[in-house]
Amino acid sequence: MDTPLSTIAVVGLGTMGAGIAEVLARAGRDVIGIDISETAALGAAASLEASTARAVSRGRITEQERTAALARFRTSDSLSAAADADLVIEVVPETYEIKQQVFRELDAVVSPTAILATGTNALSVTRLAAESQRPERVLGLHFFNPAPAMKLVEVVSSVLTAPPAVEAVTALARELGKEPVAVGDRPGFVADGLLFGYLNQAAAMYEANYASREDIDAAMKLGCGLPMGPLALLDLIGIDTARTVLEAMYAESHDRLHAPAPVLGQLSSAGLTGRKTGRGFYTYDAPGGQDVVPDALTPAADAETGAGRAVASVGVAGSGTMASGIAEVFAKAGYGVVLAARSQEKADLAKGRIAKSLERSVAKGRLSAEARDETLARITAAGSLDAFAEVDLAVEAVAEDLEVKQQLFAALDKVCRPGAVLATTTSSLPVVAIARATTRPEDVVGMHFFNPAPAMKLVEVVRTVLTADDVHATVRAVCAKIRKHPVDCGDRAGFIVNALLFPYLNNAIKMVEQHYASLDDIDAAMKLGGGYPMGPFELLDVVGLDVSLAIEKVLHQEFRDPGLAPAPLLEHLVAAGCLGRKTGRGFREYARR
């Protein structure tokens with residue numbers, strides 16, 4: 001481009017604008033912060049002073065570098081201050097009217113060579129560019145909050161954007177230490193296009209009273225390793241902002257998954273828009289605060305779940321990785337465990353797998369040799385379910401097949417003593433259909449562990465319409481003893497985690513099908529922009545494409561939403577035997593071990 005982008009104006013000095021200004025000033029750019037609010041301008045300057053002072057105290061920059069960065073930042077309440085800017089980045093409120101007015105006024109101010117960038121995360125860049133006399137110099141430059149910390153920057157081109165403008169801001173992003181991802185102009189782009197559908201479904205789940213806000217957030221943090229739960233994240237983003245983004249996405253996609261949950265509109269209309277007002281899904285210590293304080297919906301710390309049944313011994317049915325992991329968890333917690341498989345040989349192999357796992361823990365210093373021996377001694381390997389005759393809790397961890405599980409529970413019904421709790425670890429099948437295979441469905445409950453069971457802290461506790469209160473209380477108490485975090489949910493396909501996770505994964509596949517973005521760019525966007533531990537395609541290959549397809553089909557069958565229909569590309573890969581890491585090829589290819 002014919003400009004070095006050395007002087008940059010940031011229009012709008014809210015949280016995002018102030019963050020972008022900080023990134024630019026610390027990277028050696030002259031920054032003009034523009035906001036009609038004197039309070040916002042002062043806040044941005046104070047934020048830069050505070051952040052650079054912290055950087056000095058931590059040894060990341062020198063005092064001289066801090067002084068230089070502060071000197072490079074100045075503020076104004078007029079757009080005319082952008083006259084000398086090589087690049088203008090607007091981050092004003094997310095409405096066409098306000099942004100279009102800014103672009104019209106900038107046309108009369110900036111030089112003919114200046115690039116105009118919108119920080120929108122939902123609105124059409126093309127529509128905004130049409131308001132400018134120089135649409136070829138208009139593009140999207142979407143930073144993520146907090147801008148100083150988040151590495152991702154989406155560079156958004158419209159059909160009118162000149163390639164040199166894209167090249168110039170892409171180079172700038174790299175010089176700022178960011179990871180630029182080139183995307184086309186559609187609402188939500190990559191990261192928010194996937195993120196906001198997931199957030200919307202979480203809000204709808206809460207609105208339906210399916211699970212508490214605390215359980216929804218804990219489930220996604222502990223079950224998926226996410227840095228924040230979806231409802232807490234909506235409060236951080238701003239519920240009104242989220243609703244605007246979803247409206248824009250729905251206007252283009254007409255996908256019901258993007259139709260804003262009514263609760264978002266209700267909270268927005270009431271002025272309960274999240275952290276910035278001090279109240280949203282949660283209540284905060286002050287407007288703009290980040291510390292959650294108790295309110296009328298906060299569960300009591302000493303809330304009683306009712307008296308449960310005594311559990312001293314546990315039976316685990318199955319011989320796979322999940323069964324071994326669950327048996328290890330119970331044995332470590334001091335329970336006597338019977339690990340039963342279809343043959344003594346399979347049961348012995350499963351116990352051997354536990355022995356190796358415990359040995360690894362000893363080698364890493366996480367477990368003493370004495371504790372290893374005691375844990376292993378608590379586990380009895382058995383080749384028949386008959387060994388479950390005296391257990392207090394029977395947990396099945398066999399294949400995710402309804403008929404297989406029903407047959408096993410019919411056998412447990414005959415073998416287990418009256419009063420024993422029967423738990424299924426299903427991740428997607430109806431628990432009540434499994435319970436009905438017994439003559440005591442009131443004793444049956446879902447106890448969905450996550451893989452690997454020894455490491456993952458979450459257990460989804462699934463009660464059916466027939467589950468007895470004391471059975472539910474028993475499982476909650478057992479979860480506490482084995483140091484797992486239980487979340488309550490009803491007997492509905494996907495429970496909490498899979499019901500929110502797999503539509504997001506499915507939408508990522510659709511994004512590739514539509515040639516909107518590459519696998520690598522989508523994975524990078526979700527890791528760098530959303531803080532996800534794995535990108536969607538990395539995760540799909542780890543989970544297994546066949547497993548993912550089966551869960552997608554169950555969700556689609558239960559909710560009958562066209563948006564939940566499995567992506568054809570997923571079906572094609574499964575049909576071709578490309579199931580992910582376990583077969584050496586899924587969305588990517590892997591070296592055979």
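Here are some questions and answers about this predicted model, with the reasoning behind its labels.

Q: What makes the radius of gyration of the chain agree with that of a compact globule?
A: With 593 residues, a compact globule would come out near 25 Å, and the chain has 27 Å, so the two agree. Along its principal axes, the C-alpha trace spans about 85 × 50 × 50 Å.

Q: Why is the pair Asp 107 and Arg 134 called a salt bridge?
A: The cut-off is a nitrogen-to-oxygen distance within 4 Å. Here the side chains meet at 3.8 Å, N to O, so the pair qualifies. The pair links distant parts of the chain, with Asp 107 in helix 4 and Arg 134 in the loop between helix 5 and strand 6, 27 residues apart.

Q: Why does Asp 107 count as buried?
A: Buried means under 20% relative accessible area. Asp 107 has 8% relative accessibility, so it counts as buried. Arg 134, at 14%, counts as buried too.

Q: How do you know whether Arg 213 and Glu 214 are buried or partly exposed?
A: Set each value against the 20% limit. Arg 213 has a relative accessible area of 2%, so it is buried. Glu 214 has 22%, so it is partly exposed. Their side chains meet in a salt bridge at 2.8 Å, N to O.

Q: Why is Lys 582 called partly exposed?
A: Exposed needs over 50%; Lys 582 has 48% relative accessibility, so it counts as partly exposed. Its salt-bridge partner is Asp 546, with the closest N and O atoms 2.8 Å apart.

Technical notes:
Residues are numbered from 1 along each chain as its sequence is written. This is a predicted model: local features need pLDDT of at least 70, side-chain atom pairs count only at pLDDT 80 or more; totals for chains, interfaces and linings use all residues. Side-chain values use heavy atoms; hydrogens and water are left out. The radius of gyration is taken over C-alpha atoms; the globule rule is 2.2 Å times the number of residues to the power 0.38. Helices (H or I, at least four residues) and strands (E, at least two) are DSSP runs, numbered from the N terminus. Buried means under 20% relative accessible area, exposed over 50%, partly exposed in between (1.4 Å probe, protein chains only).
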